[in-house]
Amino acid sequence: MTLFFCKGFKVGNKKKLNGKQIVEELEKINFFNLTSKSELNAEKLEIENSYNELNFFEGKSREESLEFLDNRFYSIDSEELFFFFFLTEYLKIVKPSFEKLGLKLNFSNEKSSQTKEYWKHTIELNGKEYVAFDNNFGELDWGIAYVKFIEMLNAELEAQKSDERFYPISAQNDGRLVLLTKNQFEFVKENYPNDNEHPKILEDWKNENGIK
């Protein structure tokens, strides 16, 4: 993981905020609305300290777990996600955030058709079929599965008229993504480094990682 120590500089003509101010601004744009009240202070402190010490955007994880307190960050092992069984397991992980937003995420009718060189994997979300993988096997399989996962979730968010979208951060075995409104994403983009450890628009991430 690349870490950045960047205290005391200005972004353009704007003075760099400190961690406490970052938390205050995130609160104004409802970043913490999916975090339970009992975990809110711990989450805010983690965001503040991560910014002050590392200029890094990530919430607090639960002890001995890859789950986050804020219901916005998610750890995604792209290798696991690629396999048939794990798609529904990751859908179960993100479903509570949909429910907190008053949205549906029902999944069913998962199908698989495979040859030695090719695999088609589909699933229905809220009654609509989505492609989880439809390619010959190759070096980009994990990345393709990661992208298809984000695309199907974002399609359902859009269909249900939500302002939230999932933004990719990283794939592979230590993959991560984050759920943000456009306003929240723009705030993060303005105040954190624009690098491979921070959220990207999905199309930009695909271009940078050679996925069509």
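**Pockets, strands and rings**

The second largest pocket has a lining of 13 residues, and Ser170, Ala171, Gln172, Asp174 and Trp205 are the ones nearest its centre. The model is a predicted one. This second largest pocket holds about 230 Å³ of space. By residue type, its lining divides into five nonpolar, four polar and four charged residues.

The largest pocket holds about 330 Å³. Its lining is made up of 18 residues, with Leu66, Glu67, Tyr74, Ser75 and Ile93 nearest the centre. Three elements, β3 (73-76), α4 (84-100) and β8 (175-181), each give at least two residues to this lining. The largest share comes from β3, which supplies four residues. Of the lining residues of the largest pocket, eight are nonpolar, four polar and six charged.

Next come the strands around β5. Strand β5 spans residues 118-125 and is mostly covered, with six of its eight residues buried. Strand β5 pairs with β4 (residues 107-114) in the antiparallel sense, over six bridges. In this pairing Ser112 stands opposite His121 of β5. The two strands β4 and β5 form a hairpin, and three residues lie between them.

Strand β5 also pairs with β6 (residues 128-136), again in the antiparallel sense, here over eight bridges. Ile123 stands opposite Tyr130 in β6. The hairpin of β5 and β6 has two residues between the strands, and in it Asn126 takes a positive phi near 50°.

The aromatic rings remain. The structure holds 18 aromatic pairs. One of them joins Phe98 and Phe166, which are stacked at 6.5 Å centre to centre with 25° between the planes. This pair links distant parts of the chain, as Phe98 is in helix α4 and Phe166 is in strand β7 (residues 164-170), 68 residues apart. The cut-off for buried is under 20% relative accessible area.

Elsewhere, Phe31, Phe32, Tyr51, Phe57, Phe68, Phe73 and Tyr192 form one aromatic cluster.

Definitions and conventions. Residues numbered from 1 in each chain as written. Predicted model: local features only at pLDDT ≥ 70, side-chain atom pairs only at ≥ 80, totals over all residues. Heavy atoms only, no water. 1 Å grid on protein atoms, 1.4 Å probe; cavity = no way out; pocket = protein on both sides within 12 Å on 5 of 7 lines; lining within 4 Å. Points joined across faces, edges and corners; volume = space filled by probe spheres on them. Nonpolar A, V, L, I, M, F, W, Y, C, P; charged D, E, K, R; others polar. Buried < 20%, exposed > 50% of the residue type's maximum accessible area, 1.4 Å probe, protein only. Pairing = 2+ DSSP bridges. Phe/Tyr/Trp six-rings, centres within 6.5 Å; stacked < 30°, edge-to-face > 60°.
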